[in-house]
Amino acid sequence: MLSYLFEPDDTTPAKPQAAPYAPSAVIGASLSRIDGPLKTTGRATYAVDYNFPRMVYGVAAGSTVGNGTIRSIDTSAAEKMPGVLLILDHDDIGDLLHPSAPNGRSGIGEGRIVLSNNNVGYWGQFVALAVAESFEQAQAAAAAVHVEYDAQKPNVATALDDADVTPNVPSKRGDTDTAFPSAPVQVDETYSTPTEMHNPMEMHSSIAVWDGKSFTLYESSQNVDGYYNSLSAALGVPRENVRVISRFIGSGFGSKLSPWPNSVLAATAARKLNRPVKLSVSRKQMFTSTGHRPRTQQRMRIGAAPDGKLVSLQQDYRNHSSIGDNFRENCGEATPFLYSVPNLQVTSAIVKRNVGSPCPMRGPGAVPGLFAVESAMDELAIKLKMDPVEFRVHNDTLTDESNGKPFSSRHYKECLQTGAEKFGWSRRNPAVGSMRKGDLILGWGVAGASWGAGRRGSEVTVVLKDDGTVQASCASQDIGTGTYTVVAQIVSDRTGIPVGKIDVVLGDSSLPPGPGSGGSTCTASIVPGAADGADAAVKALIAIATQTNSSPFHEQDPATLTVSKGRIHVMSKPAESGIPFQEVLKLAKVDSATGKGKAGGLGSDSDARNYSMHSFGAQFAEVEWDPGIAKLRVSRVVSVIDGGRIINKKTATNQIVGAVVMGVGMALMEQTIYDPRNGHPVNDNFADYLVPTHADAPSIDVHFLDIPDPMIGQYGARGIGEIGLAGIAPAITAAVYHATGIRVRNLPVRIEDLLASEV
Ligand code: MOS
């Protein structure tokens with residue numbers, strides 16, 4: 001039935017560049033993180049790990065109503081408590097923020113400036129800040145602030161059926177209104193995904209140090225330059241007077257792309273008190289005031305001809321947003337180009353709820369969007385009596401039909417076929433409940449994955465030193481994904497200097513600018529900057545070698561010289577004929593040779609703009625269903641990723657494994673439940689908000705196609721931070737259907753959903 005032959009991609013356009021760059025063996029190696037020892041020995045400094053003389057502590061107090069206005073705030077008791085230095089409320093902040101601080105969307109994750117008025121839009125919204133000599137004193141004072149509210153009932157309804165919303169149309173071709181009703185085989189179903197919290201291990205934390213003119217802000221940020229820009233604007237301080245430091249980060253998943261009110265409050269209090277202020281939100285506050293993935297509701301109408309060719313695909317989605325923000329969860333991120341279909345429409349609408357501000361969360365839009373699209377594809381395959389892998393391959397395309405552009409590098413079909421082989425898909429019996437392992441019923445499901453590819457500008461400075469070491473530096477941060485190691489690998493590739501001799505300094509806005517760890521763009525962005533910096537440092541070294549009297553290369557033509565294996569030598573001769581780079585520096589009596597690297601983003605790349613650039617993947621999941629005790633477990637996942645060239649197999653595999661585990665949480669566990677009486681997220685802790693533990697993690701097999709993308713840059717490396725989560729939840733719910741006969745369209749899958757199973 002299924003053919004696993006790889007057909008040649010003869011519609012793939014020829015590369016517009018010359019012979020592809022062939023990197024050395026350090027690229028693609030499975031290297032451990034160079035920052036690993038610092039982390040495992042506790043020497044890595046996270047935001048709250050810094051301490052300063054005269055430092056004091058801030059604790060924010062949150063609203064206890066979900067909707068309304070503050071009638072009065074009584075801070076007198078709190079102000080008299082021991083150690084208390086400052087209580088801020090909505091009467092105070094306006095004067096403390098610089099007059100030029102923008103109103104409305106400020107680059108702060110929550111558009112409303114914290115404490116800027118007496119309105120309350122969600123439970124837990126910060127209404128006051130207490131600052132004291134000790135953390136405990138600040139906590140006690142925050143609890144002693146007495147607030148009276150004029151409260152109204154909050155709207156936290158989960159059904160997003162509000163009539164008064166106006167959809168817009170992000171993508172349209174053909175005419176779905178006539179094509180869908182006449183399609184011979186149809187699926188018309190509505191899917192929903194719940195509010196999910198990022199909950200990185202490290203909570204959102206700030207230490208603000210003010211010297212009367214300049215701020216130094218120690219932040220937990222996955223976007224150091226973004227925090228630098230947003231906070232200098234919000235605080236009304238010239239950019240040259242702000243420095244953001246984020247050396248090590250306990251992840252972010254999108255919640256740390258923008259600063260939140262805690263950062264603004266810490267800086268405001270530091271300026272007012274002239275003392276360093278440390279402010280970390282609590283785990284409970286992570287459920288209200290630092291972003292979330294909004295709830296989505298998506299109606300899918302999808303139709304095919306009896307031969308399995310798609311004729312119409314319509315996705316009408318809604319997501320909730322907070323009262324103060326219009327955050328769009330772009331559920332149609334991948335819909336317009338994933339399959340060949342002549343009639344397509346995506347509509348989008350925002351529905352207001354009394355919840356904190358939503359923000360991007362790992363694979364924003366695409367991840368919940370593909371839950372709906374790929375679930376509907378599975379349901380349609382079943383109606384067509386087609387194998388779901390074959391059905392997807394049958395509708396593959398090498399042209400982005402939303403804009404007519406060819407893909408720079410698309411191997412979705414190969415992901416599906418490779419995954420099918422590795423998973424053993426040909427042994428699947430499609431009949432529901434037909435596959436057994438002892439007393440357990442097995443379910444096998446598949447779904448496709450996609451996520452955009454991007455490249456931003458970056459600048460990396462590389463310094464070759466006379467002690468035989470190298471330093472590479474950039475403002476970009478490493479949120480745990482391996483950026484330190486990737487930069488070292490690139491410098492090593494360009495120079496032949498071993499990774500162990502390369503020191504990488506990241507996470508400081510005073511360093512050359514670099515990308516955020518967001519949108520899966522950091523690797524693709526920082527790699528060209530690092531390569532350019534290393535090449536520039538080599539050029540500087542060669543110049544020194546040719547200008548130094550005592551150098552064996554004195555007065556030689558620089559164009560004939562190169563550096564490899566860490567040695568400078570004549571290009572036509574082996575590296576061993578030359579001398580180590582540090583010897584040249586010593587002969588010249590200089591301590592270093594510096595290269596300032598700079599690379600542009602895709603926006604400035606006119607060739608790349610002619611291509612549609614995305615990563616692809618295929619997810620295969622096995623569940624074990626024990627009907628005797630209604631127990632469901634994800635037992636096995638095979639994830640095949642087309643993410644361009646893989647720079648570091650180990651850190652890349654970590655990314656996908658982590659994403660798969662997160663996908664198990666999305667499918668079976670995660671949801672934020674708001675109390676309809678007051679808008680309180682009732683499960684605002686790790687006892688009640690369930691995430692997978694090791695015992696819940698399946699056996700995970702990760703495979704990378706490792707095909708360089710000719711348009712993303714010389715190394716062909718796209719980012720892989722988000723693609724691994726896309727497709728996991730629909731693969732699991734497809735497997736659940738295969739095991740139980742129950743189609744779960746509203747995540748997460750609950751045991752209650754499955755009790756009706758007749759299998
Ligand atoms: Mo990602 S949502 O850009 O961390």
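In this predicted model, R410 lies over the face of F407, at 4.9 Å from the ring centre. A charge is taken to sit over a ring if NZ of Lys or CZ of Arg is within 6 Å of the ring centre and within 35 degrees of the ring normal. R636 is likewise placed over the face of F423, at 4.0 Å from the ring centre. F407 also belongs to a cluster linked by ring pairs, together with F337, Y339, Y412 and F616.

Local features need pLDDT of at least 70 and side-chain atom pairs pLDDT 80 or more, whereas totals for chains, interfaces and linings use all residues. Residues are numbered from 1 along each chain, and side-chain values use heavy atoms, without hydrogens and water.

Rings of Phe, Tyr and Trp (its six-membered ring) pair if their centres lie within 6.5 Å; planes under 30 degrees apart count as stacked, over 60 as edge-to-face and the rest as tilted. The count by this rule is 18 aromatic pairs. Y46 and F248 form a tilted pair, with 6.3 Å centre to centre and 50° between the planes. Because Y46 lies in the loop between helix 1 (36-40) and strand 1 (56-62) and F248 in the loop between strand 11 (242-245) and helix 7 (261-273), the pair ties together parts 202 residues apart in sequence. Helices (H or I, at least four residues) and strands (E, at least two) are DSSP runs, numbered from the N terminus.

F248 is buried, at 8% relative accessibility; buried means under 20% relative accessible area, exposed over 50%, partly exposed in between (1.4 Å probe, protein chains only). The ring centres of Y50 and Y218 are 4.4 Å apart with planes at 40°, so this pair is tilted. Y50, in the loop between helix 1 and strand 1, is 168 residues from Y218 in strand 10 (residues 215-219). Both Y50 and Y218 are buried.
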